[in-house]
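This report is meant for a reader who is meeting the structure for the first time. Please look over the sequence and the model before reading on.

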Amino acid sequence: MLDEPLVQELLNEVVQAEENLSIVECLINGTNTDEEIAEKTEIKLNIVRKILYKLYDSGLASYKRSKDPETQWYTYSWEFDAAGVNNQIKEKSASKIADLKENLELEENNMFFVCPEGHSRFAFDQASELGFICPECGNESTFQENDSIINRIKEEIANYEKAYSFSIPENAK
């Protein structure tokens, strides 16, 4: 599961350092207490706990608290939540695809004019309000054919839909 680029991207956002991914690996492989994880990864216990709580806050891990009858101390048993990873990736992909579709609609339904110096790009309505003159340099704006932009956005949408269509098995722990 950690081989998937989208999973790595999501986990790197949460754990903030690639070396902390070993904490996630331990969780996936069944190590479930912070002390055991710290011992196996040789990462300081306070950092392991910090990362575990970040995973918890992000919906990527859960824990159960139990009290040791002898010492009266609490022990936290952690579990990685593969479904949480799936859900977050699906949410991010849906949001990104929605943004791209919105951009596509804008491109398909408008004519655009650009400054020859590259200062600005305006839809027809805005360009006509400005008299087809660039407000920065005073040059006349010219019509821009946006077929290549439309094709690029369509390609991006297809790539995202393909990339985000995978699913992590729920039992990938």
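## Basis of the model

The model is a predicted one, in which local features need pLDDT of at least 70 and side-chain atom pairs count only at pLDDT 80 or more, whereas totals for chains, interfaces and linings use all residues. Residues are numbered from 1 along each chain as its sequence is written, and side-chain values use heavy atoms, with hydrogens and water left out.

The protein is divided by its domain assignment into domain 1 (5–80) and domain 2 (84–166), the bounds coming from an automatic or database domain assignment. The contact draws 8 residues from domain 1 and 8 residues from domain 2, where contact means heavy atoms within 4.5 Å. The centres of the two domains, taken over C-alpha atoms, are 41 Å apart.

About 730 Å² is buried between domain 1 and domain 2, and carbon and sulfur atoms give 70% of this area; buried area is the accessible area (1.4 Å probe) that two parts lose on being put together, summed over both. On the side of domain 1, Leu6, Val7 and Leu10 lose the most area to domain 2, and together they make up 63% of what that side buries. Between the two domains the count is 1 salt bridge, a term for a side-chain nitrogen of Lys or Arg within 4 Å of a carboxyl oxygen of Asp or Glu. In the model, a salt bridge joins the side chains of lysine 92 and glutamate 13, at 2.4 Å from N to O.

## A tyrosine patch on the surface

Tyr53, Tyr56 and Tyr63 make up a nonpolar patch on the surface, with about 270 Å² of accessible area together. Patches consist of residues with over 30% relative accessible area and no salt bridge, with like charges joined within 9 Å and nonpolar side chains (Val, Leu, Ile, Met, Phe, Trp, Tyr) within 5 Å; accessible areas come from the Shrake-Rupley method with a 1.4 Å probe, and for residues only the protein chains shown count as cover.

Tyrosine 56 belongs to helix H4 (residues 45–57); helices (H or I, at least four residues) and strands (E, at least two) are DSSP runs, numbered from the N terminus. Tyrosine 56 counts as partly exposed because its relative accessibility is 37%, given that buried means under 20% relative accessible area, exposed over 50%, and partly exposed in between (1.4 Å probe, protein chains only).

## Positive phi in two loops

Glutamate 42, in the loop between helix H3 (34–41) and H4, has a positive phi of about 60 degrees although it is not a glycine. With 74% relative accessibility, glutamate 42 counts as exposed.

Phenylalanine 132, in the loop between helix H6 (124–129) and strand E5 (142–144), has a positive phi near 60 degrees and is likewise a residue other than glycine. Phenylalanine 132 has a relative accessible area of 24%, so it is partly exposed.
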